[in-house]
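Dear colleague,

I am handing over the structure below, together with a summary of what was found in it. Please read the notes alongside the sequence and the coordinates.

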Amino acid sequence: MTAQVTLKSGEKVKVNDHVYCSPPWSVRDGTPYSIARIMEFLPPEGAGKGKGKGKEIYTRVRLAWYYRPSDVSDRPVADSRLLLAAIYSEICDINQLRSRCHVLHRDKITDLAGWKKRPDRFYFNRLFDPYIKKEFDVIQATDVRNLPDHIRQVLTSRYEYVVAEKDVVPDLTDTLRLCATCSKWCANPDTVGCDRCKNFFHMSCVQPPLLAKPSRGYGWTCAPCSKRHEEEVDKHDVRHPTPVTKPKSNAPAPRGRGRPRKDRSLAEKEENVEIKYFKMWPFRYFGQYTVAEDTLDPDDLIFPRSATRVGPKYQATVPTTLDVPSPSDPEQRGGDYTVEVLSAINTLTDEEIAEMEAWKVVLSRKPEKLHSVDWLTEALRRFTQAHVSNRGWSTVDMSVIPTRPEKWKKGETRHTDREWTADEVTAFEDGIFLYGAELRAVHDEIGTRSMAEVVRFYGHWKNSRLEEENVRIRAARLKAKDEGRDELPSVTAAVTDQFSDDEGSIMPGLSRHNNSCGACRTRESENWWRAPKGLATDILCDTCGTNWRKYADLNFRTVREDVLPPSKKGSDKREGTPLNGPSTKRVKTSTSASVNATPPPNAPMAPQLRCLACQKNGPVGKVLKCNQCQFRVHAASCGVHVEKSAVDSWMCDICQNEDTLESSMHTDCLLCPRRKSKKKVQFPNADSFLRASKPTEGQGWAHVLCAVFTPEISFSDVSQLRLVEGISTIPKQRWASKCALCGETSGAVIRCSDCVREYHSSCAWRKGHHFGFEIQPVRHPRRDGMITTFKGETGNMVPVVCCQEHENSRRELYDVCETDETGETALQVYCRIYKQAPVTQAHALLRKARRLDQTLNIRTDGASSADVSAEPALQCDMCSTQYSPAFYPSGHYSGRWRCHKCHFEHRNGVGAGQSPDDSLSPLDDTMDG
């Protein structure tokens, strides 16, 4: 009979059920519940098994964890029901189980939309390995067909799912591949496929044998196909038919008449579907680095693997030393003379220990040193040396320089860290505010301390903050006791019962400072829950509290900073700690403690400022907010450089133009369609990235998005993304093409990188199409133009816009706000290399004149290059200049021309450098009269 356990909520759970798991509020510090699968129930540690069935006492449980996408990546995920499986287990206290939930693979769910509408339902289709920090695809074992029958039968009989890399899944789900030469099964690592006949061969079966597979991006053909192709080329009879593809339609798939009836019995069957488990796991790794025959061994490791690091590429080849004489009597490590005795206290008698303790108290007059781990460790080491060398306790002195020699090290080592300066402490607290408990980033922020010193100081610093918090709680308790109140203040509610379920996170009600929900701003709720750090208030309504604890999802409603209470201002948070600031790491767990049960990946940080371009949260300074319209964007993705003192007063270009009036007050993008609407919208919406606009060379405006993803556009200053140049060079057919999204024929369109659809950049952004940058490899760097390196990948950076229908595209794109190791965004790198106008070759007016000359095409209409060279240069008949953006025919004399300046000055009645009467001939006067 399967063991069942009744939770505090009254639900009964058994092995392989999915549950919510979380320690008390005071330990988890506002992080959502974790989701796990029960692998087995365990008795207390050190206790034997109970006698008889049903009489066992279970106090612990082994859980297999699931991760949320926000735990392992900073990329925003809109689906709060999506999880990542993991081959990672942990033993936790059974009191940390909250309630039951349901988790299924995506392929086993018939109606995904209906599944997600039901409470406590989750699904997964990928697996995250916390050790190699990599994600894998998860498919059903029955879908694997490219395996010999005996291996496939063993795999499907043991496991429900198979874990593999994304590139390996098509090979596994293909039909059985046999070698065209030896008719044996072709394993993927040792197989090549012909691109013409589509047959597969062992690399050792072809002649000559292949030593390695073709490089990525290159194909291979077998010898018969290669010979046949050469013969076709020699005969010049190669006619490759143009493939006829059926155009894709956006219409939904046809279905029967009427709406499908909801089958509740089908949903219940999906919840209770039988899953195969082998040694308590439903899946195993079967990817690029798996030998198929090893899966027959029941003891084979099921964990994901990475490339081996054994071989001459990773290990040094040491030459032999036969002719070199060996040194005489080398000191062998591990002997009595090389062993460093760290402590011999366990060999002392009780009288010697008591005498040593008395001398230890005398060594320092500072009480804090007697409780310092570093000081006590060094004191015990010196007492041990005195005992081993038969010296008295009085010879031990701790007042000397805090260094000591160590074996196998050249210099001496400090046993205590040097005192931290005020600047270092300030830099440390600033790093904690920006990065939370990510101590490596905090170490980079300080710059003067080693990683070990930062870790040790973090422990002392956090303990001091905990001490201050405990002192404040005790004072509040004593004050409440003196006043004769039965209930405790709300600040102590979290510590009334350390092992309670949710009592510590329930708030008594609204107060003066907590007068509404911190997410949805409602003031009505049956229960109020304690909110995570970083919200407008410290409470959540019942709906938001449930969504946060179970689904890590909050429905935020924007709040202006000037209406927040003083304690919630962003400037006060710079003094924050993990007690009153965001914590990005979960609490470290152990198998024996009763407050463990949190996986190692980081918990999502509390929201700060969300960029409207990438929908990611970022600290103030990196993400700027307009002081006037509340527009929020990463500074690096908008060409903004702001001093720290001016961050709060920063205004976007459109708002700033209201004061400076440097450009037109009509802020519509010149590259977008100009729609006629009765309701006049003066400015772009501040809740969209399309608010980011830059002035053009003609005092107009253009969206940053449109300017960057339109290939003809360039910038006078790419560091600030202004001024926008080259709009007149866009071909006419791009202005006349019809947008596939809005249907307008005005505005400049761009083409999808994966199909032939054309649309405006702004329309594609509003419809949720994917914008990014792709690094395309180059074969000849000198011939293929400018190349760049971004995040270790070298090649030509190309802007890519993909429709929503191309979600399965194999393009590896970098988002607009994605940064490299130098902190430069992909948009900045692309604009710096490919979007800079040639300002050193000509000034702005001359560059504009040349573009207008190409657009008007006055000199070259109907003439070849030879005719142009023989044709005399045009000359103004008034000022005799030969240089002008455009020449206009004289309205009175045939064969005469006037430059741009004289043409318009004559029309306005002013001559070039003279009065109107002097500038006009008598005939002109007669005709104008």
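A residue is called buried when its relative accessible area is under 20%. The model is a predicted one, and the values that follow were computed from it.

By that cut-off Phe689, with a relative accessible area of 1%, is buried. Trp765 is also buried, at 18%. The count of aromatic pairs comes to 28. Phe689 and Trp765 form a tilted aromatic pair, with 5.4 Å from centre to centre and 50° between the planes. Phe689 lies in the loop between helix 14 (653–660) and strand 23 (693–695), while Trp765 belongs to helix 17 (residues 761–766), so the pair ties together parts that are 76 residues apart in sequence.

The rings of Phe709 and Phe771 have centres 5.0 Å apart and planes at 85°, so this pair is edge-to-face. It links distant parts of the chain, since Phe709 is in helix 15 (residues 704–709) and Phe771 in strand 29 (residues 770–776), 62 residues apart. Both Phe709 and Phe771 are buried. One aromatic cluster is formed by Phe689, Phe709, Trp765, Phe771, Phe773, Tyr830 and Tyr834.

Turning to the strands, an open sheet is formed by three of them in the order 16-17-18, with antiparallel pairing. Strand 16 (506–507) and strand 18 (539–540) are at the edges and have a single partner strand each, so one side of each is left without a neighbour in the sheet. Strand 17 (residues 528–530) is joined to strand 18 by two bridges, and Trp529 stands opposite Leu540 in strand 18. Over the face of Trp529 lies Arg549, at 3.7 Å from the ring centre. A further arrangement of this kind places Arg158 over the face of Phe278, at 4.8 Å from the ring centre.

Strand 25 (residues 714–717) and strand 26 (residues 722–725) pair in the antiparallel sense over three bridges. They form a hairpin with four residues between them, and Leu721 in the turn has a positive phi of about 60°. Asp717 stands opposite Arg722 in strand 26.

Finally, which residue is buried yet has no salt bridge? That residue is Asp93, for which the nearest side chain of opposite charge, Lys8, is 7.8 Å away. Asp93 is placed in strand 6 (residues 82–93), and its side chain reaches the backbone nitrogen of Asn95 at 2.8 Å.

With kind regards

Technical notes:
Residues are numbered from 1 along each chain as its sequence is written. This is a predicted model: local features need pLDDT of at least 70, side-chain atom pairs count only at pLDDT 80 or more; totals for chains, interfaces and linings use all residues. Side-chain values use heavy atoms; hydrogens and water are left out. Two strands pair if DSSP finds at least two bridges between them. Buried means under 20% relative accessible area, exposed over 50%, partly exposed in between (1.4 Å probe, protein chains only). Lys and Arg count as positive and Asp and Glu as negative; His and the chain ends are not counted. A salt bridge is a side-chain nitrogen of Lys or Arg within 4 Å of a carboxyl oxygen of Asp or Glu. A polar contact is a pair of N or O atoms within 3.5 Å; within protein, one must be able to donate a hydrogen and the other to accept it, and residues adjacent in sequence count only if both atoms are side-chain atoms. Rings of Phe, Tyr and Trp (its six-membered ring) pair if their centres lie within 6.5 Å; planes under 30 degrees apart count as stacked, over 60 as edge-to-face and the rest as tilted. A charge sits over a ring if NZ of Lys or CZ of Arg is within 6 Å of the ring centre and within 35 degrees of the ring normal.
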